[in-house]
Amino acid sequence: MAIRPRAVLPGATVGIVAPASPVQLPWLEAGEAELRRVGLVPRRSRNLLKRSGYTAGSAGERTEDFLELLDDEEVSAIFGARGGYGCLDLLSRIPADRLRQNPKAILGGSDVTALLSLLSGAGIVSFHGPMVAQQIARGPSRWDAEETLGLLRARESGFALPWRDAETLHPGRAEGVLRGGCLSILAALAGTPFATSFRGAIAVLEDISVKPYQIERMLTQLALAGLLDGVRGIVFGRMPGCTQHPEQGYTTAELLARLSERFEVPAVFGFATGHTDEARCRTVPFEVRVRMDADGLTLLEGAVE
């Protein structure tokens, strides 16, 4: 069983870190206000508003912020402010033992997928979902606060994540731990010590504004690297903007159905986690064992303790 972080209870202090691209202050303030609305207390990391080109400060400053929040006993969880680029710079700077010594609920998506992969490799539960200066900043219409907070407090099995408007590509039933995130980042990690293996796992794969042939190339790369060997199910996100042109002659669902057919596992398309266009961003817990069936995902163990 994976190492589970402590539950994020009402009134908990949540650290905000920008491990990738710079944060715009108005969006950050809007996200902080939304966290307060749902009963959490935001705390900014020390270098949160720094900028160094296209990253939020140097790799050293971003690593320092993450580790300071990790070690702060008053901080119950760490939420990513936004994605962009930069988390890969941190991977070799964050010791796995330090993550295990004080596990905390880490929430984020997009480029933060790299940090979630690091946590998966360390055997620690993490959470793929909305970020403070992005979906959370846009308020209740853009993130599912009730579901997110429910998962961050789900100590027992049975928590359900229904498909809602997701579309079945290949029917079936499977069990396995959830792993995944942004497909572009997962492909970038292939061939490194931080790559995510989906053996025995249900893969959550999503992205934004990549062409259909790029989706196929990245899935093929993961397959050729052996990272999709033994995958038990695939949950695709909404994939906004992932089209060639308006007259391409096929839908994204048809493309993903064809590409996932080779794995001979259950697959769905349109689960709104990560990049979600206008849909409310949902949260999924990585390294937690779940059942995948016609109704959705059901936790077979608690996500937190």
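Two strands count as paired if DSSP finds at least two bridges between them. Helices (H or I, at least four residues) and strands (E, at least two) are DSSP runs, numbered from the N terminus. The model is predicted: local features need pLDDT of at least 70, side-chain atom pairs count only at pLDDT 80 or more, and totals for chains, interfaces and linings use all residues. Residues are numbered from 1 along each chain as its sequence is written, and side-chain values use heavy atoms, with hydrogens and water left out.

**View A. Strand β8 and its two partners.**
Strand β8 covers residues 174-182. Eight of its nine residues are buried (under 20% relative accessible area, with exposed meaning over 50% and partly exposed in between; 1.4 Å probe, protein chains only). Strand β8 is therefore largely enclosed by the rest of the structure. With strand β13 (residues 289-292), β8 pairs in the antiparallel sense over four bridges; Glu175 has Arg291 in β13 as its bridge partner. With strand β9 (residues 201-206), β8 pairs in the parallel sense over six bridges, and Gly180 stands opposite Val204 in β9.

**View B. The eight-stranded sheet.**
The sheet is open and mixed in its pairing, with the strand order β6-β14-β13-β8-β9-β10-β11-β7. Its edge strands, β6 (160-162) and β7 (167-170), each pair on one side only. From one strand to the next the twist averages 30° (axes are lines fitted to C-alpha atoms, for helices over the stretch in contact, and angles run from 0 to 180 degrees between N-to-C directions). Strands β10 (residues 233-236) and β11 (residues 267-269) are joined in the parallel sense over three bridges, where Val235 stands opposite Val268 in β11. In general, strands of a sheet pair through backbone hydrogen bonds, either parallel or antiparallel.

**View C. Two aromatic pairs.**
The structure holds two aromatic pairs. Rings of Phe, Tyr and Trp (its six-membered ring) pair if their centres lie within 6.5 Å; planes under 30 degrees apart count as stacked, over 60 as edge-to-face and the rest as tilted. Tyr54 and Tyr85 have ring centres 6.2 Å apart and planes at 70°, so this pair is edge-to-face. Tyr54 lies in the loop between β2 (41-44) and α2 (59-71), and Tyr85 in the loop between β3 (75-80) and α3 (96-101), 31 residues apart. Tyr54 is exposed at 61% relative accessible area, whereas Tyr85 is partly exposed at 36%. The rings of Trp163 and Phe271 are also edge-to-face, because their planes stand at 90°, with centres 6.0 Å apart. Trp163 is in the loop between β6 and β7, and Phe271 is in the loop between β11 and β12 (284-286), 108 residues apart. Both Trp163 and Phe271 are buried.

**View D. Surroundings of Ser110.**
Ser110 sits in the loop between β4 (105-108) and α4 (113-121) and is buried, at 13% relative accessibility. Its side chain makes a polar contact of 3.2 Å with that of His275 (a pair of N or O atoms within 3.5 Å; within protein, one must be able to donate a hydrogen and the other to accept it, and residues adjacent in sequence count only if both atoms are side-chain atoms). Contact means heavy atoms within 4.5 Å. Beyond its neighbours within four places in sequence, Ser110 is in contact with residues including Gly83, Gly84, His128, Cys182 and Glu206.

**View E. Phe66 in helix α2.**
Phe66 belongs to helix α2 and is buried, with 2% relative accessibility. Not counting residues up to four places away in sequence, Phe66 touches Val17, Ile78, Ile94, Leu99, Ile106 and Leu115. Phe66 and Pro19 are 47 residues apart in sequence but 7.5 Å apart in space, C-alpha to C-alpha.
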